[in-house]
Amino acid sequence: MNISRSLPRRAAMTAATVAGALTLAACGSDGSSSASTPTPTPTASAPASAPAGRHNQADVTFAQQMIPHHRQAIAMADMAEEHASSSQVKAFAQKIQKEQKPEIQTMTGWLKAWGERVPHGMEGMGHNAMPGMMSDHDMHQMKSASGNAFDTMFLTMMIKHHQGAIDMAKTEKQHGAYGPAKKMAAGIVTTQTAEITQMRTMLGTSSPSPTAH
């Protein structure tokens, strides 16, 4: 009878001993809880913000010149939305905005990552620093125009502007080292060459037919 009564007590004591051992193992040998001071998990350092791939001075120059060049094209497109009489010209202006705004953001990111200066506004305008850039006088003259006169002036000036961008893009393709910049330059050449053809067609359409003699 004594043996059978002591069995439950022994089992209980054994269970308590095992539970205590598990508690000590969880807390550590000094009794402190390991849950309160978790061991830090090693993490990989954040990658640098610089774009992958090497670049050279031609890439820097391309971005620093193309950013204000694009900004001026967008400023001209803004004028077209307000002053153009042709819905076709307005639609074309909106296309320029959609194409060039993201490219400005991308090139700005490159320059910041490379530790290079990001140009402000339309630096170089009026100083022939970049091919195809309109002078202050040109921009004021176009802003003062309206109707069909504005449409003709806008398309004529934008053709010249696009040709300047193509020249700079071709230089980047030839001398640049940074893959994404060379790819953007190739896209500018293709896109803006096609747009020049489109604008010349629009000018031909809007021009009066020659008078028969």
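## Packing of H2 against H4

Helices H2 and H4 pack with their axes 10 Å apart, at an angle of about 15°. Since angles under 35 degrees count as roughly parallel, H2 is therefore roughly parallel to H4. The crossing in which H2 passes H4 is right-handed. These values, like those that follow, come from a predicted model.

## Overall composition

The protein chain contains six helices and zero strands. Read from the N terminus, its elements follow the order α-α-α-α-α-α. Of the 213 residues in the protein chain, 34% are buried.

## The nonpolar core

The largest nonpolar core comprises 49 residues. Within this core, the residues with the most contacts are Phe62, Trp110 and Phe154. At least two core residues come from each of helix H2 (57-83), helix H3 (87-114), helix H4 (136-144), helix H5 (147-175) and helix H6 (179-206). The greatest contribution to this core is that of H2, which gives twelve residues.

As a general background, nonpolar side chains tend to be buried together in soluble globular proteins.

## Packing of H2 against H3

The axes of H2 and H3 come within 8 Å of each other and cross at roughly 150°. Angles over 145 degrees count as roughly antiparallel, and H2 and H3 are therefore roughly antiparallel to each other. Their crossing is left-handed. By class, the residues in the contact of H2 with H3 comprise 17 nonpolar, six polar and seven charged.

Leucine 111 is located in helix H3, and leucine 111 counts as buried because its relative accessibility is 0%, where the limit for burial is under 20%. Between leucine 111 and threonine 61, the C-alpha to C-alpha distance is 9.8 Å, while their separation in sequence is 50 residues.

## Packing of H2 against H5

H2 also packs with H5, at an angle of about 165° and with the two axes 10 Å apart. With the cut-off for roughly antiparallel set at over 145 degrees, H2 and H5 are therefore roughly antiparallel to each other. H2 passes H5 in a crossing that is left-handed. The contact of H2 with H5 holds 15 nonpolar residues, together with eight polar and two charged ones.

Glutamine 72 belongs to helix H2. Its relative accessible area is 0%, so glutamine 72 is buried. A polar atom of the glutamine 72 side chain lies 2.8 Å from the backbone nitrogen of methionine 134. The limit for a polar contact is within 3.5 Å.

Methionine 76 is another residue of helix H2. With a relative accessible area of 0%, methionine 76 is buried. The C-alpha atom of methionine 76 is separated by 9.1 Å from that of methionine 157, a residue 81 positions apart from it along the chain.

Histidine 161 is part of helix H5. Its relative accessible area of 2% falls under the 20% limit, so histidine 161 is buried. Histidine 161 and methionine 130 are 9.6 Å apart in space, C-alpha to C-alpha, and 31 residues apart in sequence.

Arginine 200 lies in helix H6. Arginine 200 has a relative accessible area of 47% and is therefore partly exposed, a class that lies between the buried limit of 20% and the exposed limit of 50%. A distance of 7.8 Å separates the C-alpha atoms of arginine 200 and leucine 155, which are 45 residues apart along the chain.

## Summary

The predicted chain consists of six helices and zero strands. H2 is roughly parallel to H4, roughly antiparallel to H3 and roughly antiparallel to H5.

Technical notes:
Residues are numbered from 1 along each chain as its sequence is written. This is a predicted model: local features need pLDDT of at least 70, side-chain atom pairs count only at pLDDT 80 or more; totals for chains, interfaces and linings use all residues. Side-chain values use heavy atoms; hydrogens and water are left out. A nonpolar core is a set of buried Ala, Val, Leu, Ile, Met, Phe, Trp, Tyr and Cys residues joined through side-chain atoms within 4.5 Å. Buried means under 20% relative accessible area, exposed over 50%, partly exposed in between (1.4 Å probe, protein chains only). Helices (H or I, at least four residues) and strands (E, at least two) are DSSP runs, numbered from the N terminus. Axes are lines fitted to C-alpha atoms, for helices over the stretch in contact, and angles run from 0 to 180 degrees between N-to-C directions. Angles under 35 degrees count as roughly parallel, over 145 as roughly antiparallel, 65 to 115 as roughly perpendicular and the rest as oblique. A crossing is left-handed if the near helix is turned anticlockwise from the far one by less than a right angle, and right-handed if clockwise. Ala, Val, Leu, Ile, Met, Phe, Trp, Tyr, Cys and Pro count as nonpolar, Asp, Glu, Lys and Arg as charged, and the others, Gly among them, as polar. A polar contact is a pair of N or O atoms within 3.5 Å; within protein, one must be able to donate a hydrogen and the other to accept it, and residues adjacent in sequence count only if both atoms are side-chain atoms.
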